[in-house]
Amino acid sequence: MTDEEKKYKEEQRKRMASLIVGSKDQSGNFITKILSKSDEYVIYEIKTKTLSESLRVQIDTEKENDKTLIDLFNAVRVNFAKLKGLLYKVNDDTSIKTRIAHIISHALSGKADEANKQFDELIVEINKEYGEQFNHRLRYLLTILCATILLIGYSICNYYNDLYLEKIEIKHLIYMATAGAIGCFISVSRRLRKTIFEKDVKSILYIIYGLERVFISVFSSVIVYFSIKSNLVFGLANELDKPILAYIVFGIVAGFSETLVPNLLIKLERENE
């Protein structure tokens, strides 16, 4: 080995050693995680707002003009780019990134054809799981939407037909239940993309989950209604000219928030103690 080769190898080792969590790569990107590393390459994650750009591969061979690893990486580059573009579809991107890094390491060890097959299988798996999650979310949301529409329709009929005029509390409870369902639908719609559902579960269960979520919101709004009427919380609403409007607003909040009623119950428990 010539002096120039020794010098290049020493510099290469320093460059590779500098690629650690908390440092910056040659492009100035902040390294957040090392997924795979050898003497001549490193696969790592960088801090970025764009998920598809968060995975990087750095190849730095010990011999200056050695193109072997670069050729192996180029053989899987297309599938690697496809998978990076699919990262937005996965629930656990850290797990998928680790698998991608493992496949790239497999390719760089000289098994590019096998790595491409693994990439193809992973692409199919991601798309299949994404489709299943989409269907589960859709069933869950549509169940809540249907229940909410039914309650809204019943509330409108109750309003125009002057039902339960002699029992105004029943009318209020119907309106509060509807308000809770509306709050539930808004909350679920807002968080639906981040909601992760179980795998290999029958579709009917997601309808049950949706109904369960509506019932919890309805009961929460009812609890808030009785709390207002008894002046335990938000008692100011009882003094308004049209308190039912305030009741509805608080009913929506109760259906929307998953912590309002639990916190209220905890507060009452402490006061009782």
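Buried means under 20% relative accessible area, exposed means over 50%, and partly exposed lies in between, with a 1.4 Å probe and protein chains only. The model is predicted, so that local features need pLDDT of at least 70 and side-chain atom pairs count only at pLDDT 80 or more, whereas totals for chains, interfaces and linings use all residues. Residues are numbered from 1 along each chain as its sequence is written, and side-chain values use heavy atoms, with hydrogens and water left out.

**Exercise 1.** Determine which residue pairs with Lys-97 in a salt bridge, and classify both partners by burial.

*Solution.* Start from the criterion, a side-chain nitrogen of Lys or Arg within 4 Å of a carboxyl oxygen of Asp or Glu. Lys-97 meets it with Glu-45, their closest N and O atoms being 2.5 Å apart.

**Exercise 2.** Locate the salt bridge of Arg-15 and state what it ties together.

*Solution.* The side chain of Arg-15 meets that of Asp-60 at 2.6 Å, N to O. Arg-15 lies in helix α1 (residues 3-18) and Asp-60 in the loop between β3 and α2, so the bridge ties together parts that are 45 residues apart in sequence. With a relative accessible area of 28%, Arg-15 is partly exposed, whereas Asp-60, at 7%, is buried.

**Exercise 3.** Identify the residues that touch the most other members of the largest nonpolar core, and find which element gives the most to it.

*Solution.* Such a core is a set of buried Ala, Val, Leu, Ile, Met, Phe, Trp, Tyr and Cys residues joined through side-chain atoms within 4.5 Å. Among its 27 residues, Ile-100, Ile-104, Leu-108 and Phe-119 touch the most other members. At least two residues each come from β2 (41-46), β3 (55-59), α2 (68-85), α3 (93-108) and α4 (112-160), and α3 gives the most, with 7 residues.

Technical notes:
Helix = DSSP H or I, 4+ residues; strand = E, 2+ residues; numbered from the N terminus.
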